[in-house]
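Dear colleague,

Please find the structure below, for your records and for discussion. My notes on selected features follow it.

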Amino acid sequence: MRIASGGVTDVGRVRSNNEDCFKIVEPLHLFVLSDGMGGEAHGEIASAMAVETVVKHCLDFDANPAAKVVGTVEPKWSARTKRLSTAVHLANRNIFKSAEANEEQRGMGATLTAVWIDDARLSVAHVGDSRAYLLRGGGLLQLTRDHSLVAEQVRRGILTAAEAEESDMQSVLLRALGAQAEIEVDAEEHTLFPRDVLLLCSDGLTRVVTEPEIAGTLQAETDPTRAAEKLVALANERGGPDNITVVIVRLDKDSKGWFSWLRGAPRKNSGTNGTGGN
Amino acid sequence: MPKLSLMFENKIVKEVSVGTRPVTIGRSPDNDLPVDNLAVSNHHAKVYFEAGRMVVEDLDSLNGTFVNDLRVERATLHDGDNIHIGKHKIKVDASGDAPVPWDSGRKAAAPRIDETMVLDTKERRQMLQQAAAMGESMQFAGTRLKVPTLVVLSGKTDQKEYVLANKLTVIGKSAMATVRLQGWFKPQMAAQINQRDDGYYLGAGDKVPSVNGKPLTGPVRLNDGDLVEVSGVRLNFVFRE
């Protein structure tokens with residue numbers, strides 16, 4: 001599959017420093033985003049440490065495929081998903097250890113959302129309230145579930161989704177990197193289809209920009225970097241209450257060689273059976 | 001800066017701001033917030049900042065410290081909370097910037113209204129218990145797990161039943177689809193179901209599915225017993241116990 005990506009991070013309109021961090025590792029098709037927390041500059045340290053650890057561990061994939069798996073993994077997962085999940089566990093340990101060793105870093109932490117694409121297979125790993133979305137069939141599908149108090153209350157039927165958006169407890173996380181020595185990491189695998197668009201974002205976007213607006217922007221602007229810029233600008237128009245980070249990954253069919261044309265042909269016929277693609 | 005207002009019969013008696021130093025509350029006059037009442041211990045409680053959040057801690061008082069009517073030993077405070085000590089109420093105003101503990105002049109502190117924080121497991125349990133007690137504890141207390149399931153009523157698929165275990169379930173001919181449609185002219189990805197916080201949402205793929213006979217116009221939340229039709233296959237969405 002052909003992949004185009006872009007990302008933007010912005011301090012927003014209220015905060016004085018940007019504690020978000022992201023990294024796009026093009027050759028690996030790895031995309032990592034983290035939102036740090038903690039007094040002074042420690043949120044920045046935590047999110048940078050989270051992203052660096054995950055990227056480093058995944059970059060090592062080819063050179064050292066047999067690296068030890070950390071945390072619980074499902075046997076059916078691909079080696080990449082296991083690797084990614086392990087990387088997030090390692091990031092947690094690094095932040096936790098650093099905070100233990102440095103008095104002034106006490107209480108620092110970070111969210112982490114990472115996707116790793118291997119042709120049509122997608123690995124997702126996630127802790128915290130930074131989200132991964134998939135735009136497909138015109139709708140935005142959420143691939144992560146926030147580890148926040150309000151989201152948990154919605155899952156338990158205590159709050160409705162609308163009440164959760166109004167809640168002043170939105171910043172309370174139930175899970176984050178660095179809070180405890182060991183954590184639970186959510187990981188999953190999905191199949192990607194041509195024309196899928198992936199979006200990773202920190203809560204600075206989702207707090208102020210609605211999902212239909214995000215979906216609309218992704219459909220209207222096909223350049224990943226420009227689409228990310230537009231979303232950040234929209235969040236800033238709404239007051240930019242927090243740091244905003246957006247990473248966009250667009251997938252498309254490989255170049256139109258005769259072989260893919262042959263493979264693609266029967267699929268086009270099936271379109272007459274009902275509504276076509278889009 | 002965040003502040004505490006000592007109220008008595010709906011009047012503000014005294015206000016103190018919470019800075020980098022703890023605010024002590026008690027009957028003895030050496031407290032930052034003295035409360036002259038026999039039900040209040042000499043050194044009753046203190047309020048301070050820890051890792052960016054405001055915390056109240058009971059100092060082994062005789063009659064206890066209450067936050068929004070819940071007796072606490074130690075609790076995180078939020079804007080608008082009420083601390084009850086004896087017959088007095090202390091209103092919490094956390095809307096200002098949290099104090100910056102280390103050499104404050106170095107950098108303009110970002111307003112910390114929305115400061116993210118993590119609940120450790122003990123506090124988390126308390127918070128969830130409290131939330132559950134607040135109402136609608138039915139779903140919370142019910143430990144029976146409800147498993148969302150798609151039962152195939154008609155049409156060719158690779159299984160008769162599917163448990164929706166992932167956040168995304170793809171219905172289609174694709175080898176990677178969860179619900180694999182069989183037969184010619186079936187779309188690779190006919191429709192999909194997204195697990196969200198408040199339920200399972202059916203969305204269109206290459207086809208527009210219908211729920212209970214109505215074609216989809218946008219993602220729709222599935223209810224127990226709904227009938228889903230897509231690309232010649234009829235599926236029943238049910239929650240299994």
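In this predicted model, chain B contains an open sheet of five strands, arranged in the order β16-β15-β17-β18-β21. The pairing within this sheet is mixed. Its edges are formed by β16 (179-180) and β21 (220-221) of chain B, each of which pairs on one side only. In general, the strands of a sheet pair through backbone hydrogen bonds, in either a parallel or an antiparallel manner. Strand β15 (residues 168-172) of chain B runs parallel to β16(B), and two bridges join them. Within this part of the sheet, B:Gly172 stands opposite B:Arg180 of β16(B).

As to chain B as a whole, there are 23 strands and two helices. Of its 241 residues, 34% count as buried. Where contacts in chain B link residues at least 6 apart in sequence, 33% of those contacts join residues at least 24 apart.

The axes of α1 (residues 42-59) and α2 (residues 79-101) of chain A come within 8 Å and cross at roughly 140°. The crossing of α1(A) and α2(A) is right-handed. On the α1(A) side, the residues making the contact include A:Ala46, A:Met49, A:Ala50 and A:Val54; on the α2(A) side, A:Leu84, A:Val88, A:Ala91 and A:Ile95 are among them. By class, the contact of α1(A) with α2(A) comprises eleven nonpolar, five polar and one charged residues. A:Arg83 of α2(A) and A:His57 of α1(A) also take part in the contact.

Yours sincerely

Note on methods. Residues are numbered from 1 along each chain as its sequence is written. Chains are lettered from A and ligands numbered from 1 in the order in which they are written. This is a predicted model: local features need pLDDT of at least 70, side-chain atom pairs count only at pLDDT 80 or more; totals for chains, interfaces and linings use all residues. Axes are lines fitted to C-alpha atoms, for helices over the stretch in contact, and angles run from 0 to 180 degrees between N-to-C directions. Helices (H or I, at least four residues) and strands (E, at least two) are DSSP runs, numbered from the N terminus. A crossing is left-handed if the near helix is turned anticlockwise from the far one by less than a right angle, and right-handed if clockwise. Two residues are in contact if their C-beta atoms, placed from the backbone, lie within 7 Å. Ala, Val, Leu, Ile, Met, Phe, Trp, Tyr, Cys and Pro count as nonpolar, Asp, Glu, Lys and Arg as charged, and the others, Gly among them, as polar. A residue is buried if 20 or more other C-beta atoms lie within 10 Å of its own, exposed if 12 or fewer, and partly exposed in between; C-beta atoms are placed from the backbone. Two strands pair if DSSP finds at least two bridges between them.
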